Amino acid sequence: MIDYWPLLGIVLVVIGFALRFNPLLVVAVAAIATGLLGGMPFLKVLGVLGHGFNESRYVSIIWIVLPVIGLLERYGLQERARTLIVNMRGATTGRLLLVYLGLRQILAALGLTSVMGQAQTVRPLVAPMAVAAAEKQHGELDEDTGERVKAMSAATDNIGLFFGEDIFIAIGSILLIQGAFAGFGIQLTPFQLSVWAIPTAICAFMIHGARLLLLDRKLGVRR
Amino acid sequence: MINYTWLYVLAGAIFASFAIGSAMDRTNPRRFGNAAFWGLLTASFWFGDFLGDIGNGVLVLALGAIAGAHLLSRGSKESTTVRERERFSERYRNRLFLPALIIPFTAFVGTLLFNYTPLKVTGLIDLKATTLVLLGLGVIIALLTCYVWLKPPLTAPFEEGRRLMDSIGWAGVLPQMLASLGAVFAAAGVGTTIGAIVGAIIPQGNIFLVVLVYAFGMVAFTMIMGNAFAAFPVMAAAIGVPILIHQDGGNPAVIGAVGMLAGFCGTLMTPMAANFNIVPAALLELKNQYGVIKAQVPTALAMLAANIAILYFAGFRP
């Protein structure tokens with residue numbers, strides 16, 4: 001007999017996100033509800049939630065870069081990033097993001113996942129550059145197009161990271177696969193696993209790369 | 001040994017500066033809401049290990065209540081105008097990139113130096129935290145460089161950091177919050193339930209259909225949990241190991257590695273993976289908080305198809 005009750009917490013999260021309640025509130029409520037429905041007493045649920053939060057603090061460490069990025073923006077960093085692209089001949093949004101995609105994949109494959117990122121590189125450098133290039137191709141951007149170019153910059157960073165990092169042998173997910181399989185008596189080396197991340201990485205570069213070049217065409221580049 | 005605790009002290013100090021700055025910002029209509037929110041996060045970073053599990057739980061509920069009651073807002077003071085920034089940008093030219101690049105450069109060179117020289121055995125840095133510690137070091141070096149070169153007012157970096165943090169708002173804490181929701185899901189047996197459901201719908205006798213269920217199961221469960229790490233052990237236990245590997249003789253390395261990568265396609269399509277999908281939308285000040293996900297869905301679906309093909313053709317070579 002499958003116990004379906006704990007799944008109600010998932011339903012709560014989906015409904016809460018869909019109705020656009022504040023996500024922090026939705027998550028807190030869903031956590032308490034899931035725990036109670038899973039048969040835990042209230043204080044136990046509260047303890048598990050609190051313990052999980054305390055153990056996950058490393059997730060929020062990235063915000064220590066904000067003072068540096070903010071300060072440089074005060075002195076014109078974004079404006080400079082735009083100027084650089086405007087003066088670069090042949091620079092288009094698609095080509096710029098394609099180069100970034102390749103670079104992100106290669107560095108992630110070398111285990112250097114935190115070198116680039118949404119706060120470190122996308123907000124201060126990549127997004128303003130992509131927007132500047134788009135303005136060069138398209139003229140002034142309407143709101144939707146501007147949003148799309150920025151969203152594509154963030155998407156390119158994620159895709160480069162996800163489909164690059166597993167080629168590195170000491171990344172968390174590879175070690176997790178190794179550990180999970182070892183529990184079933186299947187012995188694999190990290191190297192055997194990471195080799196099989198390469199075909200997917202190549203597909204990602206081609207698929208997302210093609211979309212980036214299509215974006216160029218939409219923005220009105222003539223070749 | 002330098003470990004996470006050092007970073008928590010540093011991050012806590014920065015959050016504390018946001019809390020104090022918020023409290024004094026008269027242009028923010030909800031300044032005390034912001035101050036309380038970042039103050040609580042400071043408490044978590046500095047004293048989390050002494051608060052006890054239930055104390056931390058109360059802190060989490062308080063953060064949720066502040067955000068849920070819409071007590072967060074942002075100040076309207078701009079430190080420099082667009083004109084001024086353009087003037088600065090003309091004056092400092094491309095050298096402005098250097099401090100921004102110090103952070104990734106320190107992380108890059110530092111990680112290489114540390115991992116491939118005898119430094120590693122000195123135990124100077126906790127191996128689990130190496131890259132983040134070096135990122136923190138990069139931040140400190142970059143800050144000092146900016147102070148010496150640009151000579152900003154002493155509080156300027158923290159004012160500017162708070163300006164960015166305010167534009168991100170509650171989304172900045174969402175990833176950590178979702179990680180703790182994952183802990184509750186695990187304790188309540190959500191994974192076991194989903195594994196049992198998936199196990200009950202496995203089609204018999206057709207390897208391709210089983211591969212489909214495995215890949216889509218990874219995607220669906222990853223979208224629910226917000227990361228593929230939680231989904232993988234469940235799907236491996238329900239389908240990957242007993243059916244694809246033992247029963248049908250699939251190549252374990254392919255089933256493992258590409259199964260995980262199929263899960264990553266799910267990560268690209270869910271708001272539960274907030275640090276990748278929701279935070280950047282806030283960071284780039286997009287109107288649509290799901291804008292980044294929208295941009296990722298076509299690539300994610302095409303990559304899912306590619307991963308299914310790799311699983312089937314490379315995993316089951318005769």
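Some ground rules, quickly. The model is predicted, so local features need pLDDT of at least 70 and side-chain atom pairs count only at pLDDT 80 or more, while totals for chains, interfaces and linings use all residues. Residues are numbered from 1 along each chain as its sequence is written, chains are lettered from A and ligands numbered from 1 in the order in which they are written, and side-chain values use heavy atoms, with hydrogens and water left out.

Let's start with the two chains. Contact means heavy atoms within 4.5 Å. On that rule, chain A brings 106 residues and chain B brings 135 residues. The buried area between chain A and chain B is about 11000 Å². That is accessible area, taken with a 1.4 Å probe, that two parts lose on being put together, summed over both. Carbon and sulfur atoms give 78% of it. On the chain A side, A:Phe53, A:Arg74 and A:Tyr75 lose the most area to chain B. Together they make up 8% of what that side buries.

How many salt bridges cross between chain A and chain B? Seven. The rule is a side-chain nitrogen of Lys or Arg within 4 Å of a carboxyl oxygen of Asp or Glu. One to look at is A:Arg123 with B:Glu285, at 2.9 Å, N to O. There are also 27 residue pairs in polar contact between chain A and chain B, both residues at pLDDT 80 or more. A polar contact is a pair of N or O atoms within 3.5 Å; within protein, one must be able to donate a hydrogen and the other to accept it, and residues adjacent in sequence count only if both atoms are side-chain atoms.

Which element of chain A gives the largest share of the side touching chain B? Helix 8, residues 143-165, with 14 residues. Helices are DSSP runs (H or I, at least four residues), numbered from the N terminus. By class, that side of chain A has 69 nonpolar, 22 polar and 15 charged residues. Nonpolar here means Ala, Val, Leu, Ile, Met, Phe, Trp, Tyr, Cys and Pro; charged means Asp, Glu, Lys and Arg; the others, Gly among them, are polar.

Over all chains, the structure holds 14 salt bridges.

Four residues of domain 1 are in contact with four residues of domain 2. The buried area is about 360 Å², with 67% from carbon and sulfur atoms. In domain 1, B:Ser167, B:Ile168 and B:Trp170 lose the most area, together 86% of what that side buries. Between these domains, the salt bridge count is zero.

Conventions:
Helix = DSSP H or I, 4+ residues; strand = E, 2+ residues; numbered from the N terminus.
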